[in-house]
Structures are given as structure tokens and as C-alpha cells.
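Here are some exercises to work through with the model open beside you. Try each task before you read its solution.

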Amino acid sequence: MRKNEKYNTRSLYFSERITKALRQIPDYPLTIVEAPIGYGKTTAVREQLDFYKANVMWQRVYDNSRSSFWNGFCHLFSGFNKEHSQSLLQLQFPNDSVSLKTALNIIENIELPVNSVIVIDDYHLAECAETNSFIEFLVMNEITDVHIVLTTRYTYFPRLEELQLKGYLYHIKQEAFELMPMDIIGYYKLCGKSINAYDAGELYSLTEGWISALYLLMLNFGSEGGSFHLADIHTLIDKAVYSPLPETSRNLLISMSIFYSFTFEQVDYIWKGDNPASQIDVLVGKNAFVTYDSSEKTYNMHSILKSFLKEKLDSQKKSYKEALYKKAAHWYRENGEYLFSMSYAYLASDFDALLKAVELDKGQSFNSDLKDLIIKYFEECPAESKRKFPYAMLILARRMFTFNEIELFKQICGEFVTNIQNLDNLDTDYKNRILGEYELLLSFTGYNDIEKMSEYHRRACRLLKSPSSILDGKGSWTFGSPSVLYMFYRKTGELENEVQIIREAMPFYYQTTNDHGKGAEKVMEAERYYYLGDFEDSEIAMHNAFQAANETSQHGIMICAVFLQIKLAFMKGDFSSILHLFNKIQKDISDMKWYLFMHTLDMCEAYIYSCLNIKEHIQPWIKNGEFKNTRLLFPAMAFLNIVYGRVLLINGEYLKLIGSTESFIGIASVFPNLLGQIYTYIYLAAANNRIFRQNEALIALKQSLDIAMPDRVYMPFVENCDYILPLLAELERQGIYRQEIARILELYKPYQKAVELITKEYFAESKPALTEREIVIAQLAAEGFSNKEIGERLFISQNTVKTQLKRVFEKLDINSRVLLKQYFNNKS
């Protein structure tokens with residue numbers, strides 16, 4: 001063949017085998033397309049879906065960051081419902097049952113076109129247990145008319161075979177992409193190159209049907225004098241793609257290889273060569289290794305080309321690479337993409353630029369997924385850069401505290417102080433400002449000692465002329481706890497004084513944080529009245545607190561106030577108000593995107609339903625003690641144990657409860673949280689009494705009374721009188737806390753009447769019975785069969801199955817197949 005013979009290198013060829021395989025995508029909720037690099041997975045999927053006019057939602061994965069994966073996934077929906085897309089983004093990656101259900105509800109409420117297909121390209125980069133669980137959850141819950149396709153070089157789905165057997169998954173493997181000799185003849189012919197059966201056989205032996213190698217061998221054919229030889233893939237890329245390009249085009253490729261994908265604006269900024277538009281057009285037009293995504297307006301390089309270019313870039317001088325990375329860091333900083341800016345600044349060893357990006361970001365992008373990366377940035381940052389950027393140091397210190405990296409927190413604070421002391425001619429106002437921010441930061445080291453925290457707040461007030469620019473005033477003041485008193489009641493006999501201290505202290509904190517947590521002191525006062533049994537004063541103070549929090553949009557404080565309102569309604573037997581308030585919280589969480597409080601709401605509901613001994617309405621993650629992935633932060637965990645302890649009690653899991661109390665007390669002693677200790681000892685007493693260990697029960701109950709009675713905290717005992725009444729009577733008989741126990745029993749009378757009234761009015765009637773057909777459909781769904789499979793078994797349409805399941809969910813008051821399965825497990 002002549003050297004100047006031209007091939008139609010942009011031609012696309014798909015064998016009958018892969019075409020037939022890809023045609024089955026609409027028949028399954030999930031399709032995994034698995035093959036090594038260079039087998040044409042992405043192109044084949046894209047072209048096949050275009051042919052069928054599917055509504056394709058394409059996400060390309062670039063790295064192993066779970067945050068990046070989630071950002072990309074959320075962006076898929078922005079064109080259909082921007083608000084819901086933002087809701088998903090603010091929810092953050094769903095890694096527990098509560099957030100998974102919330103994500104599913106948001107997605108199901110987005111009106112997508114019929115036959116929508118979500119493609120996650122290069123899924124292997126993001127694959128981990130959490131992302132696999134998320135994909136499986138979506139698939140098992142069968143979003144109507146939505147199919148998911150994963151293209152991947154390899155996969156480790158633990159339930160892959162199970163999903164295949166149940167008809168949820170279609171798995172296309174490498175063999176489907178391999179071109180057989182006759183396919184090779186057809187492919188080459190389409191590109192304008194005729195070969196015989198012998199050559200096709202030789203090519204198959206050389207490449208085993210790998211289309212990227214076949215493509216490169218075709219390009220390389222003329223220069224090799226008319227024979228096929230398989231060198232290593234990078235050598236073929238060099239000869240067939242890279243070397244024939246003009247030097248300017250080669251330089252452009254190397255420059256842009258530092259990006260996962262790139263825009264024309266980035267080319268224009270980074271490369272600075274002549275006529276970049278025509279250069280890009282040449283690259284896209286002359287080979288199949290650079291493509292343009294018109295929907296995203298980005299250029300993408302094939303992974304094979306990128307790996308080749310990486311070798312070329314690595315061989316360049318250090319100064320060349322650093323200059324390139326610095327430009328990229330500046331580009332991303334100017335465009336508000338601070339995490340990318342930091343990563344390129346790090347590659348350039350430009351820590352000044354990195355810390356500039358930290359200051360602009362204010363640490364808002366630093367989630368737990370990035371903890372190790374942020375620590376690496378700090379540890380490798382030169383001392384000189386740290387001296388120049390004190391604000392960045394404070395931001396890093398704050399994040400180390402939230403990551404519970406206390407030693408690093410102390411180290412950064414120590415360096416900050418030394419740097420400030422050694423800085424000469426520092427502007428006084430600037431110095432006062434950063435020292436004020438530092439005092440505010442140090443206040444967190446005194447949590448939950450109000451007096452100690454307030455000392456820092458007062459010093460911060462004297463130094464700061466305006467609210468903090470580092471502390472996020474929109475964050476949760478309560479860490480997800482539904483009670484302020486729980487957070488700050490820390491010393492026996494001092495509750496009244498602690499309420500007075502927080503009342504005096506909070507105005508200084510509000511001044512430095514623009515009213516962050518406004519109303520907290522009023523909630524604590526209202527809660528104290530509740531625990532004393534003074535419900536009238538409690539309700540007055542509660543409304544005062546809610547008003548203060550509502551005026552300043554302090555969501556965590558508002559939820560604390562509403563939860564207290566719910567408990568006060570409980571004492572009146574007013575369950576309709578309780579349901580209304582719970583629904584309002586649920587709506588506010590959804591509408592206002594307060595996703596941190598999803599687990600808080602579940603806790604509050606479980607608290608109330610456990611007091612009513614209604615097990616069915618308690619969320620499974622609480623009932624089963626699945627606390628690992630909750631959105632609750634550590635300071636709220638002792639309150640979660642208050643709820644969980646009562647749940648174990650009503651479930652009759654007395655031995656498990658007794659065995660858990662040491663852990664409960666340990667968690668409630670960290671700060672400490674006396675309310676957690678009071679409830680735990682009550683539960684320990686109740687559980688011991690139920691297994692006829694009365695002596696141990698009396699000892700535990702007296703421990704609880706010893707903590708609570710100096711502050712007249714009666715209500716934890718009132719709420720659990722159904723389990724400890726005989727024990728209280730025995731202690732009273734022994735002359736222990738006679739007056740206090742009399743008050744507890746007095747408060748228990750209206751409480752018991754309220755429980756009886758609510759139970760009679762709302763929980764006495766049985767649930768509507770399922771029809772025989774509904775039972776059959778529900779059982780099959782609980783066993784994991786898809787709507788399609790159920791329809792085929794029962795000779796009914798998928799829509800009928802869906803309608804029937806909706807009725808089943810309504811009758812059983814559940815909202816997922818997971819809960820449906822649990823319903824049948826509980827019945828068996």
C-alpha cells in the first residue's frame with residue numbers, strides 16, 4: 001500500500017455480537033459493560049443508545065473521589081429539575097438507609113423522559129462498597145422507565161450473580177467486544193482497507209480481536225512496508241498518531257493531558273499557541289483518540305492516548321511541568337473550583353497558591369472523604385507559606401477539629417501562634433481579626449463547658465469588629481441533637497446555674513457568629529421546665545425560643561423547640577398535633593434541604609413511638625442499631641443511645657441492653673452528658689428487673705436518682721414508669737428519695753392517661769387487610785423479584801404490579817421493598 005493512501009479512520013464498526021448484546025439494555029434495570037481499556041465500550045454504548053433515540057444521561061468518572069462521583073451524578077438531573085438536582089447535591093452521598101430512601105424519593109419525583117438511560121462511564125474508578133450499594137439500591141427499587149448502564153474495566157459487585165439470577169442485571173463481558181476474523185475484514189473494509197482471510201487471521205492472532213490495536217495497526221500499515229507487526233501499544237500510538245502530527249499539535253496534546261477533560265477556554269488559557277481552534281479541530285478530525293462532547297462542551301482523550309502522553313509529560317523538565325500546573329491552578333481558582341486549584345497547585349509545589357485557594361474556599365469543600373488529602377497538604381506545606389496565610393491555617397485547624405484529628409489541631413494552632421508572634425509590622429486591625437478568629441476556634445476545645453467556652457467568646461468579641469468569616473454560621477449548632485439541655489447539662493446539682501450561665505454567655509457568641517444558634521439558651525430553659533414537670537412555663541419558654549430561632553433561620557434550634565413542643569403535646573394526649581408537627585419537620589427537611597436532620601427526625605419519632613410501645617413505626621436503622629453511617633455527629637450519639645435503649649427495652653432485648661450500658665455510659669461520659677447517663681441507668685434498672693435481678697436493678701435506679709434528683713429532673717423516670725414502677729415503690733418503702741419519688745408518681749398519672757388515650761384513639765384498630773392478590777404480589781416483591789418478573793409469573797402487566805404494590809405500601813404504611821421484606825420477616 002502506498003504511504004499516502006488515506007483511511008477513513010473515523011468509521012465505526014460494531015459486530016453483530018456486540019450489537020445484539022447492547023440491544024438488551026432496555027430489558028434490564030442495570031447493564032454492566034465490562035472490558036479492558038481500548039475495547040470500544042464507551043463508543044459502542046453511546047452509538048447504540050443514540051440509534052434507539054434513548055434519553056441518555058451520561059456521567060464520566062475521572063477519579064476515585066466519592067464526592068466527585070456524587071457531584072457528577074447529581075448534575076445528570078439538572079437539565080430536568082434544577083431544584084431536585086440541588087437537593088441531591090445537598091443531601092451528599094447517601095450511605096445509609098435514611099439517606100438512600102431520601103435520594104430515591106428525590107429522583108422518583110423528577111419527571112424524566114420515557115426510556116431514560118443513566119450511563120456511568122469508567123465506573124471502575126469510583127467503584128467501592130458504598131457506590132455499589134447505592135447502585136444496587138436504585139436497581140432493586142426499579143425507578144420507572146430508567147435504566148442504568150455501567151461501563152467499566154473490571155467490577156467487584158458482591159451481589160452480581162444474585163442480581164443476574166433475579167433479572168435485575170445484564171452483564172456484557174470482554175468476549176462480546178472481541179472482533180473475530182470476519183469482523184476484522186468488515187471493519188477494515190469500512191475504513192477503506194481491503195484484506196484477505198489470511199491477513200484477518202494473522203491480525204486476530206496478534207490482537208485477539210482488540211479493536212484499538214487493530215486501529216493502530218491499520219494506521220501503521222503503510223509505514224511498515226505493507227506488513228502487520230504488533231509492537232507495544234505506546235510504540236504504535238507514537239508511530240501512528242503522535243509523531244505524524246505537527247510539533248504545535250504535539251505540544252498542545254501534552255499540555256492538555258494534565259486534565260481529565262478540557263474546554264476550549266482552557267486550551268486558550270493554558271496553551272497560548274497560535275490559532276488553538278484550528279489545532280483542536282485537526283486533532284479531533286484526524287484520529288479517534290480525541291473526541292468532543294457537544295452536550296458538555298468538553299474534549300476528551302482516550303485513556304490509551306492519555307497514558308502515552310503521561311510518559312511524554314514525565315520526560316519534560318521540572319520547570320515546564322510546574323509552569324503548566326501553576327496555570328491550571330490559577331484557572332480553577334479564578335473559576336471558583338478551589339479543590340481542583342489546590343490539587344494543581346500541589347503538583348506545581350506552589351503552596352502559596354494552594355493556601356490562597358484554601359482561604360477562598362473557607363474549608364467548605366473539605367468533607368471527610370478528603371481528610372487524608374488535606375492532611376497531606378498541611379504536612380508538606382513549607383513553614384514560610386504557612387506564615388504568609390494565617391487565615392488558611394485557622395481554616396485547616398477548624399477542619400482538623402471536625403475530623404477529630406486533635407493532635408493535628410493542636411499542632412496547627414501552635415504554629416499559628418508562633419507565626420503571629422514572629423510577624424513584624426502586622427496591621428493592628430488585621431492582627432486583632434485573626435486573633436479573634438483564633439479565640440473563637442479555641443472555644444470548641446471547651447465543648448460542652450459553657451463557662452469555659454464563653455471566656456473564649458468574650459475575648460473574640462473584644463477582638464472582632466464584625467462576625468467571623470471562618471465559622472460557617474449556616475451549619476448545625478446542635479450537631480444533629482434534638483435537645484440543647486442534653487448537650488450542656490454536665491454537672492449534678494448545677495442545672496439551674498447552667499441555664500443561667502448559657503443565658504449570659506450566648507449573646508457574646510451571637511455577636512461573633514452572626515446569630516449562629518440563636519435561641520439555644522431559651523430552648524435549654526424551656527427543657528429544664530419540662531424535666532421539672534412544669535409544663536406551663538416550659539411551653540411559654542418553648543414558643544419564645546422558637547420565635548428567636550425562626551427569625552434567624554437557625555434550623556437545629558427550631559427542631560429542638562419543635563421536639564419539645566411534641567413532648568408537651570404528648571403529655572396532653574394530643575397525638576394529632578404530634579403528627580402535624582412531625583409532618584412539618586419532614587416537609588421542612590425536604591423543602592429547605594436540612595438533610596443533616598433526617599436522622600434527627602427518625603430519632604424524635606422513635607423516642608415518641610417507643611414511649612407508646614409502638615414498635616412498627618420505629619425506623620429499622622434505629623431498631624437494628626445500625627449507627628455507623630448516620631449523619632449525626634459524635635456529640636449527638638449519647639442522645640441516640642437514649643432512644644436506642646428504650647427501643648431495646650420495648651423489644652424485650654434485656655440482655656443486649658444490659659451488655660450495651662457500659663458503652664452507653666462511656667459515650668455519655670466523654671463531655672459529659674448527664675441526661676444520657678440518667679436514662680441509661682434507668683434502662684439498666686428496668687432490664688435487670690425483667691430478668692429478676694432486683695438487687696442490681698435497685699442499685700442502678702438509685703444511681704440514676706443520685707444524678708437527677710439534685711436538679712429535680714423527674715421526666716426520664718416518668719417516661720419509664722411502665723418498667724420501673726415496682727422499683728420506685730421499693731425505694732420509697734426503704735425511705736430513699738421519698739418526696740422525689742412521690743413527685744414522679746404524681747407526674748406519671750397524667751402521662752399514663754395520655755399514653756392510654758393515644759393508644760386507644762390511634763393504634764387500637766388493626767391495619768387494613770391485604771387482598772389475596774396483594775399478598776402474592778407483596779411476597780414476590782419482598783423476595784426480590786422485579787415488577788417485570790412478577791407480571792410474567794402472574795400474567796399481569798408491569799403497571800398493574802406497580803399499582804398493586806402502591807396499595808400494599810399504603811396499607812402497611814411503608815415506602816420501600818426493604819421495609820416490605822422486613823414486614824414479612826416479622827410475621828414469620
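**Exercise 1. Find which residues of helix 19 meet which residues of helix 22, then describe how the two helices cross.**

Start with the contacts: Ile 375, Phe 378 and Glu 379 in helix 19 meet Leu 408, Gln 411, Ile 412 and Glu 415 in helix 22. Contact here means heavy atoms within 4.5 Å. Helices are DSSP runs of H or I with at least four residues, strands are runs of E with at least two, and both are numbered from the N terminus.

Next, the geometry. Helix 19 covers residues 371-380 and helix 22 covers 406-422; their axes come within 12 Å and cross at roughly 35 degrees. Axes are lines fitted to C-alpha atoms, for helices over the stretch in contact, and angles run from 0 to 180 degrees between N-to-C directions.

Last, the hand: the crossing of helix 19 and helix 22 is left-handed. Left-handed means that the near helix is turned anticlockwise from the far one by less than a right angle, and right-handed means clockwise.

A word on the ground rules. This is a predicted model, where local features need pLDDT of at least 70 and side-chain atom pairs count only at pLDDT 80 or more, while totals for chains, interfaces and linings use all residues. Residues are numbered from 1 along each chain as its sequence is written, and side-chain values use heavy atoms, with hydrogens and water left out.

**Exercise 2. Work out how helix 3 and helix 4 pack.**

First, look at the axes: helix 3 (residues 66-75) and helix 4 (residues 82-91) have axes 8 Å apart, at an angle of about 165 degrees. That makes helix 3 roughly antiparallel to helix 4 (under 35 degrees counts as roughly parallel, over 145 as roughly antiparallel, 65 to 115 as roughly perpendicular and the rest as oblique).

Then check the hand, which is right-handed for helix 3 and helix 4.

Finally, the side that helix 3 brings is Trp 70, Asn 71, Cys 74 and His 75, and these meet Ser 85, Leu 88 and Leu 89 in helix 4.

**Exercise 3. Give the strand order of the five-stranded open sheet and say which strands stand at its edges.**

Trace the order: the open sheet runs 2-3-4-1-5, with parallel pairing. Two strands pair if DSSP finds at least two bridges between them.

Now the edges. Strand 2 (55-60) and strand 5 (169-172) each have a single partner strand, so one side of each is left without a neighbour in the sheet. From one strand to the next, the twist averages 15 degrees.

Zoom in on one pair: strand 1 (residues 30-34) and strand 5 pair in the parallel sense over four bridges. Leu 30 has Leu 169 in strand 5 as its bridge partner.

**Exercise 4. Where do Asn 514 and Tyr 737 lie, and is each buried, partly exposed or exposed?**

Take Asn 514. It sits in the loop between helix 26 (495-513) and helix 27 (520-532), and has a positive phi of about 60 degrees although it is not a glycine. Asn 514 is exposed, at a relative accessible area of 57%.

Take Tyr 737 next. Its loop runs between helix 38 (721-733) and helix 39 (738-763), and its phi is positive, about 50 degrees, although it is not a glycine. At 22% relative accessibility, Tyr 737 counts as partly exposed.

Note on methods
Buried < 20%, exposed > 50% of the residue type's maximum accessible area, 1.4 Å probe, protein only.
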